[in-house]
Amino acid sequence: MSGRAPQRRRQQPRKSFDYGLPRWRDDGALARGPKDFVRRATEVSSGRDGVVKHLTPGTSQVRRRRFYQEALYMHRMNGTPGILPVWDIDDAHGGEPRWYAMPRARLLEHTLGDTSTVMDVVTPIAALAQTLAALAKEGTYHRDIKPANLFWHDEAPVLADFGIAAFAQSPAGLTRAGEKLGPANFIAPEMRSADSRDRGERADVYSLAKTLFVLAHPSRGSYPPDGTHRVDAEEFSLWALGSGNATLALGHVLEAATQFQVRDRLTMVDLHAELRAWLERYAGDAFRFTPFGGPRYRKGWGPDLLDRHRRDVEATRAMMVPYIRRIAEALAGDADAWSEGIDHSSGDTTLGEYGWSPNGDDGFIPDGGALWMATHLHQGRRIVLEAVLDQDVCFLAEAQRGGPPWTLDQQWGHTPWHRARMPRTRDQLQQLTDEVVTWLTHPSPGAEAAAGPEP
């Protein structure tokens, strides 16, 4: 066997291409990288700075047809609010233009600075949702929504790059079999492959919601977590943006906009309406949001406390499981007859009054969230066991009937607030469970639980 290293194939130099045009002077590539066909240019007659997008030689037939559609569509839509205008277009090749020119615009994300907040992100995203809703009404879907395709021009947010759009009265899309549509982590599930005939009726909703999440978290990186947004999942948390009630409400909008099943997802009309309603409701709380250049943690919630909170949640959950099993056994005769995780769409909510001091317009919202466990429904009743975490932890239990909508049958607790993972905390949970089990096995009509202390 030869000890000589294998010779590497010599790379062929890239062929140069003359991007000069009679009406536009080429000023070089807009950015480094493979897209050198998008060029900075100066209009010869006026001297105004623009950007020219070229169709380069050797482009595949599919990509050529995409380019023609994109150029003609954007030129036809010139002057439409929310779409980057086209200043000039190749008029020498009829329906197969080889280039078109646009103004130089800033990326939307580059307009956000250290003093920006999530409110400054939702405002332009809501405007773009209105534009996309209007396009959807005519049967056009962008299908490539991501931060790199959202711009700021003439004091307003605009869309650009309709290269893989599905246009009204056109085929589902000009793609090769198996080719993905859109950018990784922003792509709606139904658009992960072009093998289907899905035109992307609600794909832009999914991608716009993912884009909002990324723009609202400038320190987290360029890509959002994959999959449906979950308000109760760590990777989708919005609490670092400040104003807990407002960001919790926004999280629910993002969850509805990123549902896996298309039929369960918001329409673009609905997404625009929800974002506008959110802006109107929380405009007066703008001062509560955390600036992007400010602390990325709430006061008192540095990295050490975040790690402590994570361990508190894990330990508290493990502590609760044997007790919800004991309650399920007492109610239904089956220790496995319970489930975990609150489902607001099914009417899950805490019904009792617990005397907690409000920390916002919507009452008391714990910084650390809550852990929710509930028995299965048995003879019209279920028992809810809940842990509320607000740096410390307390427990409560409720008997609920007939839902949804549920009615309160009985409540216990809440227990005193104590540090999680402590022996006394477990003792409190055991005592609470004893009270519930006693009530289930030896009911005492008219008995009322004692009110718990305030946090």
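**Exercise 1. Aromatic pairs**

Task: Determine how many aromatic pairs the count gives, and classify the pair of Phe-186 and Tyr-223.

Solution. 
Step 1. In this predicted model, the count comes to 10 aromatic pairs.
Step 2. For Phe-186 and Tyr-223, the ring centres are 6.2 Å apart and the planes make an angle of 50°. Rings pair if their centres lie within 6.5 Å, and planes under 30 degrees apart count as stacked, over 60 as edge-to-face and the rest as tilted. The pair of Phe-186 and Tyr-223 is therefore tilted.
Step 3. The pair links distant parts of the chain, 37 residues apart. Phe-186 lies in the loop between β8 (156–159) and α3 (203–216), and Tyr-223 lies in the loop between α3 and α4 (244–257).
Step 4. Buried means under 20% relative accessible area, and exposed means over 50%. Phe-186 has a relative accessible area of 2%, so Phe-186 is buried. Tyr-223 has 55% relative accessibility and therefore counts as exposed.

**Exercise 2. A second pair and a neighbouring histidine**

Task: State which class the pair of Phe-213 and Phe-236 belongs to, and which residues His-229 is in contact with.

Solution. 
Step 1. The ring centres of Phe-213 and Phe-236 are 6.4 Å apart and the planes stand at 70°, so the pair is edge-to-face.
Step 2. This pair also links distant parts of the chain: Phe-213 belongs to helix α3, Phe-236 to the loop between α3 and α4, and 23 residues separate them.
Step 3. Phe-213 is buried, with a relative accessible area of 4%. Phe-236 is buried as well, with a relative accessible area of 4%.
Step 4. His-229 is placed in the loop between α3 and α4. At 4% relative accessibility, His-229 counts as buried.
Step 5. When neighbours within four places in sequence are left aside, His-229 is in contact with Phe-213, Phe-236, Leu-238, Gly-251, Leu-254, Glu-255 and Thr-258.
Step 6. His-229 and Gly-251 are 22 residues apart along the chain, and their C-alpha atoms are separated by 7.6 Å.

**Exercise 3. A ring cluster and charges over rings**

Task: Identify which residues ring pairs link into a cluster, and where the charged end of Arg-382 sits.

Solution. 
Step 1. Tyr-73, Phe-162 and Phe-167 are linked into a cluster by ring pairs.
Step 2. The charged end of Arg-382 sits over the ring of Trp-406, at 3.7 Å from its centre.
Step 3. Arg-48 lies over the face of Trp-87, 3.9 Å from the ring centre.

**Exercise 4. Two buried loop residues**

Task: Locate Thr-117 and Arg-143, and decide whether each is buried or exposed.

Solution. 
Step 1. Thr-117 is found in the loop between β6 (106–107) and α2. Its relative accessible area is 9%, so Thr-117 is buried.
Step 2. Neighbours within four places in sequence aside, Thr-117 is in contact with Phe-289, Thr-290, Pro-291 and Phe-292. Thr-117 and Phe-289 are 172 residues apart in sequence, yet 6.1 Å apart in space, C-alpha to C-alpha.
Step 3. Arg-143 is located in the loop between α2 (118–137) and β7 (150–153). With a relative accessible area of 6%, Arg-143 is buried.
Step 4. The side chain of Arg-143 reaches the backbone oxygen of Ile-164 at 2.9 Å.

**Exercise 5. The whole chain**

Task: State how many helices and strands the protein chain contains, and what percentage of its residues count as buried.

Solution. 
Step 1. The protein chain contains 7 helices and 13 strands.
Step 2. Of its 455 residues, 45% count as buried.

Definitions and conventions
Residues numbered from 1 in each chain as written. Predicted model: local features only at pLDDT ≥ 70, side-chain atom pairs only at ≥ 80, totals over all residues. Heavy atoms only, no water. Helix = DSSP H or I, 4+ residues; strand = E, 2+ residues; numbered from the N terminus. Buried < 20%, exposed > 50% of the residue type's maximum accessible area, 1.4 Å probe, protein only. Polar contact = N/O pair within 3.5 Å; in protein donor to acceptor, adjacent residues only side chain to side chain. Phe/Tyr/Trp six-rings, centres within 6.5 Å; stacked < 30°, edge-to-face > 60°. Lys NZ or Arg CZ within 6 Å of the ring centre and 35° of its normal. Contact = heavy atoms within 4.5 Å.
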